[in-house]
Each structure stands twice: as structure tokens, then as C-alpha cells.
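In these entries I record what I looked up in the structure. I begin with a pair of side chains, then turn to the parts around it.

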Amino acid sequence: MLELRLVQGSLLKKVLEAIKDLVNDANFDCSSSGFSLQAMDSSHVALVALLLRSEGFEHYRCDRNMSMGMNLGNMSKMLKCAGNDDIITIKGDDGSDTVTFMFESPTQDKIADFEMKLMDIDSEHLGIPEAEYQAIVTMPSSEFARICKDLSSIGDTVVISVTKEGVKFSTRGDIGTANIVLRQNTTVDKPEDATVIEMNEPVSLTFALRYMNSFTKATSLSNTVKISLSSELPVVVEYKIAEMGYVRFYLAPKIEEDEDENETKPKV
Amino acid sequence: MLELRLVQGSLLKKVLEAIKDLVNDANFDCSSSGFSLQAMDSSHVALVALLLRSEGFEHYRCDRNMSMGMNLGNMSKMLKCAGNDDIITIKGDDGSDTVTFMFESPTQDKIADFEMKLMDIDSEHLGIPEAEYQAIVTMPSSEFARICKDLSSIGDTVVISVTKEGVKFSTRGDIGTANIVLRQNTTVDKPEDATVIEMNEPVSLTFALRYMNSFTKATSLSNTVKISLSSELPVVVEYKIAEMGYVRFYLAPKIEEDEDENETKPKV
Amino acid sequence: MLELRLVQGSLLKKVLEAIKDLVNDANFDCSSSGFSLQAMDSSHVALVALLLRSEGFEHYRCDRNMSMGMNLGNMSKMLKCAGNDDIITIKGDDGSDTVTFMFESPTQDKIADFEMKLMDIDSEHLGIPEAEYQAIVTMPSSEFARICKDLSSIGDTVVISVTKEGVKFSTRGDIGTANIVLRQNTTVDKPEDATVIEMNEPVSLTFALRYMNSFTKATSLSNTVKISLSSELPVVVEYKIAEMGYVRFYLAPKIEEDEDENETKPKV
């Protein structure tokens, strides 16, 4: 039996908004340590990893490990029916083909039960090895979202280049080119406004803006985003979920040849 | 001659927004007692009844009973041109084929006259008999609108079940089922937040959500909605218009056979 | 070499929003006195004239007169990437086929360079003669925008009639007619709320609402709009840009014959 009671139910609503456009169907894995998900996006290019640790729930009961296959679009439809201040409880039974989401209003005057059919989903759990990154940029998540959106109006890919002084986001398209430079800045009034660069060596990598923009749907989950970069490793774009865990997005860089080609040959 | 001056002109704007999607053309009936309308929706399933009593107008002159056929879409277009703080005056003449809406800004610096062509509309005035209802639920209108909208994302019909303890709204669809229970609650800070149940006997009826959602376009007219239910009588969904009257929507329940069919046979 | 630094960069963003739907491609003319543009709309009916005087820039360097052909849609895409509080610098070089827009955030922590390709555009600079107008109406720009939008829901053209007492905006369409009268009013709390009429002789002219609505995209540039009217002269709809210049729109009236025809023959 499974019963997970999350007082700040809006977190689960935001998690679904963050990942539902990227992933159609996925297995949620429940164990004594937490509620998690790992899934490739529907075009098998990006990877999403979610963790909500058991300590973050007001009540967490998971008698034995369970994997529940859900259609994230349908799950999102149901969670949208929860109020932003509602307490959300996820309930499941061994062998049952449904999961129940219970929403309680803060005053307890309104109680809703939404029962959703589960799916059988084949999936392979990928081991994601710990890695050393050449550069890690921590910056305001809203700024990252703004930059990805702005560059998308000019081009299709973004080159992220990190030096000790700052991080540069560049693109080029038919109408011209764009470069946006953020300087390292740790002397801000609010810590979440800081741009912090931890760098072992300079790095410059190219990514598809389409996926970056998709990742920024997680912006409401956290004031900051952590971008970990290394040549020939997928970038990790991580949004922490306060006190509970994270949503991490992984995306492989475009290979250098492609990038050089873009840099030297003018687009027609 | 007809001249009806409504200081709170925004009420008339809201009335039109509430009914214009349900009813295309309708006769407005003016008598010494008030300005009223009764009309079936365009698919002849739901009935709308509006009353604005003469006492609610700052000035009310209606020399003899008149019936004015209007296209509600066109009337709404004109009323949208009135400011929310404008005074609205409705003017008509016996035998004229037009009606005039005059909008005066609070400062009297802007005066607008909109003249609309009238239509000949055949309509039969239905007598709506007074009836005893098995259960009457009064609840916040925004909560009712939210519930109808939420359930529409799951299914097409809503079962409304009233017991002494509360009212339950249920639906089912391809992706699962939903039940939302509101408890009777009269100990609230603001009276308009109360959920009050007056019940002679328990009742459970099924309605098309499409119409319920359409009725909730009247939500801005009143903080509360009153839902009167009896087996084999149309439900009445009533929004009071402060000090002046009401908009009432009538909708026949779906017959029990249909409901049972839905309950037992799985949808494909 | 050209380098124009505008501290209130949002002004340039608003200018582009005001004119980009009317004009596709245009030459911006830079001289020692200012940054200006004159262009016909794409259907060659309306004329736009923009002036940003050099004194309005924090830094203004223009070594010799330059004309830079830009696609306003692309320019708008780039300017949308500037924050509302950003300082915008326009940079160009003699003979270069690009222009650079630099955006600096108020804290200087974010610096963006957008480089846009220039175009060769044939254009003839029209001399706009100074003229005496029969009537000049100054009114709140938001009120003018509201009136044009409201009348568009009824008809296609607006008759603007000025007398000493006020200005009347009229239209007619299939569903009826509309007249909106604004009285001269100079005794208002805020000067920008005034409606001021300077009149040599009464005037009544007809214009296409489609263009008027397009002009009102400049509403955010100024709290007031100045409308200058004379028979057989194009109307001038002017939005001042604080301390710097203006955007002016010119539109020829519809000829009287057309108007009379509209007035006497009912539309089918």
C-alpha cells in the first residue's frame, strides 16, 4: 500500500507542468526513500529525472517498492483540479490498476478524489554516473528562461560559453546574431539573484534551444537553476525543489563539427 | 415610450455576458413591474429566465407593455462599448424597429448612443410552476464554476448528490473518475463563503456539464449560486442580481437509464 | 560611425510596437539632429513619421548622415529581447551591412549585443508641408483607442465631427449605428485627462477605422493624442514622445461622395 501526503500540493502541480510537455508516459517509482521518475522525452533526446524525498512528505507510507505507469497529460489534467493551497495525497494499492489523487482544501470543507487508470510502460532505468563538470553556472531561473526564450526568436541553437568572468549565450539565424553575457555577480541583495560560476576550465557547448525552452517550464519550482557543463557529457539543468529533491534535465551537446559548420557557413 | 435608467450599468453588461452564448435571439419584455426575458437555448434544452425589477432602476418609465426582439450577440457587442462605471439607459418607442442604449460616463464628459435594429421573434412564454424541491444547495458561485470546469476535464456529465452532510459532484471519463465533496459549512467569516444545504430528502441527479459550464458565465453577477434539485424536475441554477432580480437557468436531468448505463458499461 | 545611447530603452521598444504592423520595411535616417523615419504603410494609404531628436539621447554620435534599411518585424524581434529597464545603444558603421543593438541591464550584470542585417530599400522622402488645420483635438490617448476599438465592433468607418462644444465619433453598420460625443473639458485634475478643442471652423471627416486602430498601437508612448483635421488634408494623429520627438500618422479622409452614399443607402 502507498499513501503519500504532500502538504504543499502546489509543488506536485508545478512538477507536472514542468515535465508533461517533454514526456508523455512514464513510470513513477516509489520506494521507502522517495517518489521518483526517470524518463526520456518522446523524441529520445533529453532525459528527465525527478526526485521527491520521503522526508518532504507529511506522511509517507510505501510498504514495498512500486512502479506506477502514468500518462502525464492525464495526470496533469487531474492535478490542475487541485487548488494551489490544497493538500495532495497519492494513494495506491499493490496490484491495483489505478492510482488515486486526493485533494483537501485548507479548511477541509472540500475533499476531492480523482482516480486515474495506470498503464504498463516498458522502461529501462539508466544509471546516471556521477561526473566531474568543467563548469557549473548557478543563476536566477527566470533569467535563464528569459535568455532561452529571447534567443529562440533569432536562432535554433545556443552556444553556452563559460569563462571565469561570466557566461555567454549566443545564437545566429537568418536575421542576424545575438550574444548575451552574464557577469559573475555574488554581491547581490538576495542570494537567489546571484550568478555564480564554478569553473575548472573554460567550456563552450552548443545545444538545441527547443529543449532548453522546454526545460524552463520548471522555472516556477525554484528561484535558481544550476547548469553543469562538460565537453562530451550531457549538460545537466537542475531545478531544486525546496527541502525535497529536484527536477534534472539532461541534454547532449551538438557535436563540434555541426557547430563549426554553423559558425563558418552562412545560412541561406 | 420606454426609458429605463440603470446607474450600475455594469450589471446589464454582465447579464448579457451570462446569457449571450446560450441564447441567440430573444424577446425582452418590459412592463410596469420590470424588464424581463425568458428564452430557450438554441438547442432547446435549457431555459433562461431573467428579471430586473423596476425598483432597481434610477428611472423607470414604461407606458405600456412592450416586447423587443433582440439578437443577444449584437446587443452584447454594443454593451461592451459601455464603460464599467457608465450609467446605461435603454430607450424605445412604440412601433419603432430600433432600441437605443445610451452610455453616460460618471463625469458626463462622454455620452454615447448606440441604436440597434430590433427583430421579430416568435416565442411562447412558458409558465414555470412553483415547485417544492427535494434539496436546495446554496454555495459560493466561484466554487461551483471551478467544480464544473474541473469535472469537464474528466467527463461529460455530472452527478449531483445531496445528503444532509454535503453535496457531491461526480463524473467519469476515459481517463478515470472524479468525486468532489463539499461539506455543509455555515460558520464562515463571510456569509457568501457558506455552503448551506436545505434538504427534505436525499437526491442524486445527472446533468450535462456542457450546460452547467455555460450557466457559470453568470458567476460575476453574484457571490453565491442557489441550486434547487428534485427528481424529474429541471434543476434551477439561480444567480441573484443585487436588489434587482435574478438570472435563473433550468435544465432537465438526464434520465436514470442513461445514468445506470454509464455506471455499468465501461466506456471504450 | 553611429552610436546612439538611449537610457530609457523602453521608448524604442514602444516605437517599434507602434509602427511594425503598419510598415514592413523602412529606412531609418540618422543625422546630427536626430534619428528619424518616414514610411508609407504596406498598402500605401497611411504615412508614418517618427522623430527622436539627438538631445533625447544620453550619448549621440553621428559622424555623417546615414540611412539604414531595416525590416521592422526583425528589428522588433530583437528589441523585444531588451528588458524594459535596459539602456539601448544603436551602433552602425559607414558601409557596413549590419546594425547592432546593445542592451545593458540597469545593474550592468547583463550585456546583450544583437546584430541585424540591413536591407536596401528604395524610398522617396516626401515633403510634408506645414498646414493650417480647421480643428485640432487633444484628448487622452487611451480614450481615443477605446473609441476606435468600440466603433470597430459596429462599423468600418468613423466620421469625426468637431464643433466648439465637443468632438463626435460616429459609425454605422449592419447591426445599427453608434455616436460617441466627448465634451471639451479642461477642468480636470490631471492635465492629461483633458479634452481640448482648438477650432477655426467646424469639420466633419470620414476615415477607415482599420487604420485608426492601427495608429492606436502607439498609445503607450503618450498619455495624450493630438488629432489635426482639415477638409481635403490628411488627418494627423500625433503621439508625442516625452522630451524627444513624436510618432505621427497621416491618413487621407474618405471622399464625401462615399460618405453620403453610406449615409443614404442602407447596407445589405
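Which side chain does A:Asp21 meet in a salt bridge? I note at the outset that the model is predicted. I found that the partner of A:Asp21 is A:Lys217, with 2.8 Å from N to O.

**Entry: the two domains of chain A.** I looked up the domain assignment, which divides chain A into domain 1 (2-117) and domain 2 (135-260). Their C-alpha centres lie 28 Å apart. To the contact, domain 1 of chain A brings 22 residues and domain 2 of chain A brings 16 residues.

**Entry: the interface.** I read that about 1,700 Å² is buried between the two domains of chain A, and that carbon and sulfur atoms give 64% of this area. The count of salt bridges between these domains is one. I also noted six residue pairs in polar contact across this interface. On the side of domain 1 of chain A that touches domain 2 of chain A, H1 and strand S4 (46-53) each give two or more residues. S4(A) gives the most, with eight residues.

**Entry: helix H1 of chain A.** I asked how many of the ten residues of this helix (residues 10-19) are buried. Eight are, so the helix is largely enclosed by the rest of the structure. Among the buried residues I list A:Leu11, A:Leu12, A:Val15 and A:Ile19.

Notes
Residues numbered from 1 in each chain as written. Chains lettered and ligands numbered in written order. Predicted model: local features only at pLDDT ≥ 70, side-chain atom pairs only at ≥ 80, totals over all residues. Heavy atoms only, no water. Buried < 20%, exposed > 50% of the residue type's maximum accessible area, 1.4 Å probe, protein only. Helix = DSSP H or I, 4+ residues; strand = E, 2+ residues; numbered from the N terminus. Domains from an automatic or database assignment. Contact = heavy atoms within 4.5 Å. Buried area = accessible area lost by both parts, 1.4 Å probe. Salt bridge = Lys/Arg side-chain N within 4 Å of Asp/Glu carboxyl O. Polar contact = N/O pair within 3.5 Å; in protein donor to acceptor, adjacent residues only side chain to side chain.
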